[in-house]
Amino acid sequence: QVHLVESGGGLVQAGGSLRLSCAASGRTVSSTNMGWFRQAPGKERDFVAVIRRFSTTTYYSDSVKGRFTISRDNGKNTVDLQMNSLKPEDTAVYYCAAAAGSLTLPTAPIQYNYWGQGTQVTVSS
C-alpha cells in the first residue's frame, strides 16, 4: 500500500513562492509516475504537473507552465512542487498522487491510484 503526505502549503502574497513536498512510503517515487493536482472550492480536481518514472521527463498544465517545477529526490523518496510567481487563481488544495500503472504521463485523476490528504495553498492579492 502507498501512503502520501503533502506539506509546505500556506498563505502567500501574489508574486510569491511556495515549495510543496510529498513524502511517499510503500513505493519508490523513482519507479512511479507521480503527479500534483489541485482543487478549488466548487471546482473539479485539476491536473498541475507530472514527472515520469525512471526519467526526468515532466509535463505541466498550461496554467502553471513556466511558473511551477516538479522534481523528485530519490534518496529521500519525495516529490516536490516549486511554485513561483503565484497568482490568486492558484489558490486551492494541492494533492500529491501516485499512479500504479505504467502510463507515461498520466494527467487525469482517474489514472492515479493513491492520493495524499492535500495541503492548502492560499494566494492573496
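This is a predicted model: local features need pLDDT of at least 70, side-chain atom pairs count only at pLDDT 80 or more; totals for chains, interfaces and linings use all residues.
Two residues are in contact when heavy atoms of theirs lie within 4.5 Å.

Residues are numbered from 1 along each chain as its sequence is written, and side-chain values use heavy atoms, with hydrogens and water left out.

**Stop 1: the whole chain**

Show the protein chain as a cartoon, and you will find 0 helices and 11 strands, where helices (H or I, at least four residues) and strands (E, at least two) are DSSP runs numbered from the N terminus. The C-alpha trace spans about 40 × 30 × 25 Å along its principal axes. Its radius of gyration, taken over C-alpha atoms, is compared here with a globule rule of 2.2 Å times the number of residues to the power 0.38. The value for the protein chain is 13 Å, close to the 14 Å that the rule gives for 125 residues, so the chain is as compact as a globular protein of that length. Of the 125 residues, 42% count as buried; buried means under 20% relative accessible area, exposed means over 50%, and partly exposed lies in between (1.4 Å probe, protein chains only).

**Stop 2: the disulfide**

Next, select cysteine 22 and cysteine 96, which are joined by a disulfide with an S to S distance of 2.1 Å; the term stands for a pair of cysteine sulfur atoms within 2.5 Å. The structure holds 1 disulfide. Which parts of the chain does the pair link? Cysteine 22 sits in strand 3 (residues 18–25) and cysteine 96 in strand 9 (residues 92–99), distant parts of the chain with the two cysteines 74 residues apart. The torsion about the S-S bond is about -75 degrees, so this disulfide is left-handed. Both cysteine 22 and cysteine 96 are buried.

**Stop 3: the nonpolar cores**

Now select Met34, Trp36, Leu81, Met83 and Tyr94, which touch the most other members of the largest nonpolar core, a group of 27 residues. Such a core is a set of buried Ala, Val, Leu, Ile, Met, Phe, Trp, Tyr and Cys residues joined through side-chain atoms within 4.5 Å. Among the elements that give two or more residues to this core are strand 4 (33–39), strand 8 (78–83) and strand 11 (119–124). Centre the view on methionine 83: leaving aside its neighbours within four places in sequence, its contacts include Leu18, Leu20, Phe68, Tyr94 and Val121. A second, separate core has 6 residues, including Phe37, Val50, Ala99 and Tyr112.

**Stop 4: the salt bridges**

Side chains of opposite charge can pair when their charged atoms come close. The structure holds 3 salt bridges, each being a side-chain nitrogen of Lys or Arg within 4 Å of a carboxyl oxygen of Asp or Glu.

Begin with aspartate 80 and arginine 19, whose side chains meet in a salt bridge at 3.2 Å, N to O. Aspartate 80 lies in strand 8 and arginine 19 in strand 3, so the pair ties together parts that are 61 residues apart in sequence. Aspartate 80 is buried, with a relative accessible area of 14%, while arginine 19 counts as partly exposed at 43%.

Then select Arg38, Arg67 and Asp90, which are linked in a network of salt bridges. The side chain of aspartate 90 meets that of arginine 38 at 2.8 Å, N to O, and that of arginine 67 at 2.7 Å, N to O. Aspartate 90 is found in the loop between strand 8 and strand 9, and arginine 67 in the loop between strand 6 (58–60) and strand 7. Are these two residues, aspartate 90 and arginine 67, buried or exposed? Both of them are buried, and arginine 38 also counts as buried, at 9% relative accessibility.

**Stop 5: asparagine 33**

Finish in strand 4 with asparagine 33, which counts as buried at 0% relative accessibility. A polar atom of the asparagine 33 side chain lies 2.8 Å from the backbone nitrogen of arginine 53, and the backbone oxygen of leucine 103 lies 2.3 Å from a polar atom of that side chain. Leaving aside neighbours within four places in sequence, asparagine 33 is in contact with several other residues, among them Ile51, Ala97, Ser102, Pro106 and Tyr112.

Key
A polar contact is a pair of N or O atoms within 3.5 Å; within protein, one must be able to donate a hydrogen and the other to accept it, and residues adjacent in sequence count only if both atoms are side-chain atoms.
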